[in-house]
Structures are given as structure tokens and as C-alpha cells.
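Please keep the sequence and the structure in view while reading.

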Amino acid sequence: MNKVHLRHRIAPRIFNGHPWVFGNEVEKVDGNPQPGEIVEVVFSDGKFVGKGYYNAASQIMVRLLTRNKADDINEAWFVKKIKECWAYRQQIGYTENCRLVFGEADGLPQLIIDKFNDYFVIQTLALGIDLWKPAIVKALQTVFNPKGIYERNDVPVRELEGLDQHKGFLSAPFETKILINENGLKFHVDIENGQKTGYFLDQQDNRRAIQHIVKGADVLGAFTYTGTFEIHAGYYGAKSVLGLDISQNAVDQANKNAELNGLERTVKFEQANAFDVLKAWGKEERRWDVVMLDPPAFTKSRANIQKAITGYKEINLRGMKLIKPGGFLVTSSCTSLVNPELFLQTIEMASKDARRKIRQVTFQKQASDHPIIWGMENTEYLKFLIVQVE
Ligand code: SAH
């Protein structure tokens with residue numbers, strides 16, 4: 001097997017378990033590994049590090065798949081990994097829907113698999129894992145005998161690896177508009193044309209966290225997509241719920257979801273730019289008991305991080321101004337570029353500018369089917385905060 005030798009002086013990251021080997025950490029490469037091929041990685045003294053997939057065209061030259069020398073990366077290995085991933089999700093209480101594979105956090109770098117009851121949605125975001133797609137599909141068929149498998153590789157990050165963007169069936173074609181159950185509610189999921197893999201599973205535990213604060217409340221939600229938080233609010237006994245999203249398509253889906261749950265009289269969605277509308281309603285002195293915000297990432301690059309902070313601060317400031325004294329702000333951020341500490345600081349800045357005192361009710365991360373590996377920054381990305389606003 002082709003061998004990648006690490007430099008003598010490298011950061012302890014790889015030794016401590018991180019799966020990425022950057023090109024500038026490599027002393028030499030024995031043999032002539034093809035892009036995506038499995039290679040063996042060794043420390044400068046020749047000691048075995050692990051096996052992983054190689055791509056000289058990527059900044060990350062190798063992504064490790066195993067630290068066990070006895071492991072052969074083959075179809076059987078993928079079956080074993082998928083079984084382990086599923087056993088973990090079941091152990092922590094997921095039954096119907098979950099992120100079955102969360103990339104690096106499951107030892108399967110750049111592989112995402114979402115399970116929506118009998119349907120699976122896959123993303124292979126690096127060349128080395130993309131080549132194993134047939135084995136991954138076979139493994140899913142062996143372990144789950146699914147009704148359908150779909151690929152949502154229409155993501156720009158693939159281009160960094162020289163991969164094209166596309167989506168399509170990896171099983172026999174099926175109806176891609178499906179229904180799922182979450183926390184006792186039903187939701188339409190559009191696997192083919194929805195955002196990302198069709199549905200945001202990462203908030204599924206957090207949606208339950210609003211249960212008590214929305215009872216009898218007038219609730220305003222913004223950045224609602226399929227309306228999951230707002231429909232939960234209706235279900236948990238809110239008096240009225242208004243949800244806003246800039247996408248008419250999202251608004252239509254959300255209204256359909258409200259109807260699906262018999263909540264269309266209390267939970268309504270409208271198309272609007274949340275930045276403009278929240279500002280205008282602040283001036284008109286309209287007020288709500290609970291305001292919920294779940295905006296998009298605002299930036300994808302470290303260089304533009306200030307843009308994201310400005311966005312978060314602005315929208316949270318506008319949201320806070322709409323809250324009746326003693327009411328609650330429910331707010332999220334979904335990019336790993338803004339770390340938890342920075343996010344809380346941003347909310348604090350917003351509260352100072354809004355001249356509203358806040359106290360933290362709960363601070364959570366993504367749902368636990370998206371495990372966080374300490375030291376692997378990209379595995380910790382979602383922040384979910386509830387504060388009471390004086
Ligand atoms: N809360 C949702 C996920 C929200 S994703 C859930 O739990 O599933 C972010 C949403 O923000 C997207 O649907 C996007 O259309 C919407 N969005 C982006 N910019 C917006 C803006 N300026 N005003 C309102 N909605 C916006």
C-alpha cells in the first residue's frame with residue numbers, strides 16, 4: 001500500500017486523534033497514490049498512524065478512516081461502520097429519524113447520512129469518500145432494507161475536491177415528498193428540493209425545549225423554513241403563532257405542515273424579509289411573549305466572520321425589542337465559525353444595545369445524534385439559546 005510519511009515536527013493534533021492530515025504536515029509519499037485512494041500514514045519514526053483516503057489536490061491530503069492496522073477498508077468495513085452508527089443512535093434514544101452518520105464525528109470524514117424513517121439521504125463531500133458511494137449504498141441496503149436512497153450532493157464544497165454538484169436517486173426512484181414524525185407531530189419532507197438534505201434534524205431535541213415557555217403565549221418566529229419550531233409552539237399550547245420566511249416555497253410548506261397537524265387556525269406563516277419586518281414592527285410597538293429566531297449561517301468563510309456577527313447581533317437586537325417584559329427570546333446560530341462563546345457575547349451586545357436585561361434559561365447545542373468531538377471544531381456548530389428578557 002502507498003505510504004504517507006509525516007514530518008517530525010507537527011502539531012499534536014493527529015497524535016491526539018484528529019483525522020485530518022494537511023499537505024504541509026507530510027514529509028514524503030511512497031508510491032504514486034491515485035486521487036481518492038486508500039493510503040497508510042506513518043509518523044516520522046515509521047510508527048503506524050492509520051489508513052485513510054488521499055487527495056493531493058485538496059489542502060487536506062489525507063482523511064483518516066481507521067487507526068487500526070488490521071482494518072481493511074472494504075464493503076464489509078462500511079457495513080460494520082454503518083451498524084455502529086445506528087447502534088449509537090438507538091442507544092441514545094433515536095428511533096425514526098436521525099443523522100445516522102455525522103462525518104468526522106463518526107469516523108467517516110465528509111460523509112453525511114440522514115435517516116428519515118425508511119428513506120436515506122446521503123452527501124459525500126470529498127473525493128475519497130465519494131468513491132465509496134456504491135459500498136455505502138450497499139451497506140445501507142444490507143442494514144436497513146430501505147424504501148429509498150437519495151443523494152444530495154448539490155453542495156458547493158464538493159468543488160474544492162474537484163467534484164461536480166448533483167443530486168439524484170441511488171436506489172430505484174421513489175416519491176421524494178415523504179412524511180416524518182417528530183415529537184408527536186407530522187412534517188412533510190421534500191428530499192429532492194428541500195434545503196440541505198430536506199429537513200433540519202439538528203434542532204429536533206431543541207424543539208422540545210420551548211414546551212413550557214410558549215403555553216398561552218403569542219409567538220413570533222422568523223427564519224421558519226418548514227415551520228418546525230412554530231408548529232411545535234402551537235402543539236405545546238401557544239395562543240397564536242406567526243412565522244416568517246423569505247422563501248415563498250418554505251412558507252407554503254410550513255402552512256401545509258400546520259394543516260397536517262390540525263394547527264392551521266393558530267399557526268400561520270407569511271413571506272417576509274425578517275430584517276425589514278422586525279424593524280418596522282419594533283417601531284410600531286407591536287409586541288410578543290416569545291420571539292424565535294433561527295437564521296441561516298450568514299457566512300461560510302472565516303474571513304467574513306464579522307459579517308455573521310453583525311447579522312446575528314442585528315436580528316437579535318430587533319427580536320428582543322419586540323418582546324414583552326418577562327417574555328422569552330429563543331435564538332440559534334448554525335455555523336461552527338461562530339463558536340459558543342462568541343455567540344453568547346453577540347447576544348449580550350444585542351441586549352445592551354436594546355437596553356433589555358436578559359437571563360439565560362437554557363443553552364444547548366445540536367441534537368445528540370450529531371455528536372461533538374472535542375478538538376474537532378467542525379463537529380460543534382449549532383448553538384441554541386433561550387433567554388428571558390426583562
Ligand atoms: N427553523 C428552521 C430552519 C431555518 S433555516 C427549522 O427548524 O427547520 C433558515 C431559513 O431562513 C431558510 O428557510 C431561509 O429561507 C430563511 N431566510 C434567510 N434569510 C431570510 C430573511 N432575511 N428573512 C426571513 N427568512 C430568511
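## The ligand and its surroundings

A polar contact is a pair of N or O atoms within 3.5 Å; within protein, one atom must be able to donate a hydrogen and the other to accept it, and residues adjacent in sequence count only if both atoms are side-chain atoms. A backbone N or O atom of alanine 274 lies 2.8 Å from a nitrogen atom of the ligand. A nitrogen atom of the ligand also has a backbone N or O atom of phenylalanine 223 at 3.2 Å, and a polar side-chain atom of asparagine 273 lies 3.0 Å from a ligand nitrogen. There are 17 residues around the ligand, and those that come nearest are Gln195, Thr228, Asp245, Ala274 and Asp294; a residue is near a molecule or strand if one of its heavy atoms lies within 4 Å of it.

The model is predicted: local features need pLDDT of at least 70, side-chain atom pairs count only at pLDDT 80 or more, and totals for chains, interfaces and linings use all residues. Residues are numbered from 1 along each chain as its sequence is written, and side-chain values use heavy atoms, with hydrogens and water left out.

Helices (H or I, at least four residues) and strands (E, at least two) are DSSP runs, numbered from the N terminus. Two strands pair if DSSP finds at least two bridges between them. S19 pairs with S20 (residues 383-389) in the antiparallel sense over six bridges, and phenylalanine 363 stands opposite leucine 385 in S20.

## Enclosed elements

Buried means under 20% relative accessible area, exposed over 50%, and partly exposed in between (1.4 Å probe, protein chains only). Helix H4 (residues 228-235) is largely enclosed by the rest of the structure, because seven of its eight residues are buried. These are Thr228, Phe229, Glu230, Ile231, His232, Ala233 and Gly234. After H4 comes glycine 237, whose phi is positive, near 100°.

Strand S4 (residues 38-42) is likewise largely enclosed, since five of its five residues are buried. Ile38, Glu40 and Val42 point one way from S4, and Val39 and Val41 point the other way. S1 and S4 run parallel and are joined by three bridges, with valine 41 in S4 as the bridge partner of valine 4. S4 also pairs with S5 (residues 48-54), in the antiparallel sense and over five bridges. The hairpin of S4 and S5 has five residues between the strands, and glycine 46 there takes a positive phi near 90°.

## Salt bridges

Side chains of opposite charge can pair when their charged atoms come close. A salt bridge is a side-chain nitrogen of Lys or Arg within 4 Å of a carboxyl oxygen of Asp or Glu, and the structure holds 25 of them. One of these joins the side chains of glutamate 161 and arginine 63 (3.0 Å, N to O). Glutamate 161 lies in the loop between strands S10 (148-153) and S11 (166-169) and arginine 63 in strand S6 (residues 60-66), so the pair ties together parts that are 98 residues apart in sequence. Glutamate 161 counts as buried at 8% relative accessibility, and arginine 63 is buried at 7%.

Aspartate 353 forms a salt bridge with lysine 313, with the closest N and O atoms 2.7 Å apart. Aspartate 353 lies in helix H8 (residues 340-354) and lysine 313 in helix H7 (residues 305-321), so the pair ties together parts that are 40 residues apart in sequence. Aspartate 353 is partly exposed at 43% relative accessible area, as is lysine 313 at 23%.
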